[in-house]
Amino acid sequence: MTPETHTEATSDTPTRASLPSTSRRRLFKGLAGGTGVLLSVQAKTALGAGACRSPSAMMSGNTSPRPNSGVTCSGGRSPGFWKVPQKFNYWPPGMVPATFNFPVSVCATGMQGLTLANVATKGTILSSKFPGAPSDRGFWEVLAFPNECGGQLLRHLAAAYLNSLAFTTPGAQYPLTTAQVVEMWTDLNTNGVYCPGSMVAGCGTTGWNQQTVISYISNMYDINSDLGPDPDLCQN
């Protein structure tokens, strides 16, 4: 699978609020390949308003804030959060990060000069959760080094998978289940287009490509996503 490159919306990109309502509908409804541009503008505003909007709701043109059963969303944490060894204590139960043959200072932050060559044990393997993904790569590896370990799509899906397990409580619930994250991978890996199974009538022209899925996931990062105070790693 060819890696996709995520592009951020710029200050020159028109916001949803600046467009007439008819233009908003036209932009949103007909774009299989270009929906990611609109999502990159809208996603943070939508979740910031407390709207748990599923992919099927967005594909069907539901662009109005509508909380899902009164639950406020969490946009989850980014790959940059999950890959840092000092954050491994936040990995959900059952998900195992890598271990290293390189000393990681508990009093420092960041990647500490780690490379793929420093991986001693890979932890949870990608293909154990995403059938058809590289069988020789772990979650940490694709989070930290996506270009060598499966690509940007798997990087963001790996973060989404961790988020779906970490943010499950009312008031901080991730809008995707683990099954939905896997479904995204399966559809894209098989057909190149994601269409939620809950849309029994199909997606028509609104199915999402890789870049649109990346935009949907990545533009939610860090919204209502506190996992608690970090321990003071330098205290005895």
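This is a predicted model: local features need pLDDT of at least 70, side-chain atom pairs count only at pLDDT 80 or more; totals for chains, interfaces and linings use all residues.
Okay, the overall layout. We've got 8 helices and 4 strands in the protein chain. If you start at the N terminus and walk along, the order goes α-α-α-α-β-β-α-α-β-β-α-α. The chain has 236 residues, and 48% of them are buried. Now take the contacts between residues at least 6 apart in sequence: 63% of those join residues at least 24 apart.

So what's inside? In soluble globular proteins, nonpolar side chains tend to be buried together. Here, the largest nonpolar core has 49 residues, and Phe130 and Trp140 are the ones touching the most other members. Helices giving two or more residues to this core include α3, α5 and α7, but the largest share comes from α6, with 8 residues.

Let's zoom in on Trp140. Leaving out residues up to four places away in sequence, its contacts include Phe88, Trp91, Phe100, Met111 and Phe145, and also Lys83.

Back to α6, residues 152-166. This helix packs against α8, residues 210-218, at an angle of about 35°, and their axes are 10 Å apart. The crossing of α6 and α8 is left-handed. On the α6 side, the contact uses Gln152, Leu153, His156, Leu157 and Ala160, while α8 brings Gln210, Val213, Ile214, Ile217 and Ser218. Sort the residues in this contact by class and you get 6 nonpolar, 4 polar and no charged ones.

That's my tour, thanks!

Key:
Residues are numbered from 1 along each chain as its sequence is written. Side-chain values use heavy atoms; hydrogens and water are left out. Axes are lines fitted to C-alpha atoms, for helices over the stretch in contact, and angles run from 0 to 180 degrees between N-to-C directions. A crossing is left-handed if the near helix is turned anticlockwise from the far one by less than a right angle, and right-handed if clockwise. Contact means heavy atoms within 4.5 Å. Ala, Val, Leu, Ile, Met, Phe, Trp, Tyr, Cys and Pro count as nonpolar, Asp, Glu, Lys and Arg as charged, and the others, Gly among them, as polar. Buried means under 20% relative accessible area, exposed over 50%, partly exposed in between (1.4 Å probe, protein chains only). A nonpolar core is a set of buried Ala, Val, Leu, Ile, Met, Phe, Trp, Tyr and Cys residues joined through side-chain atoms within 4.5 Å.
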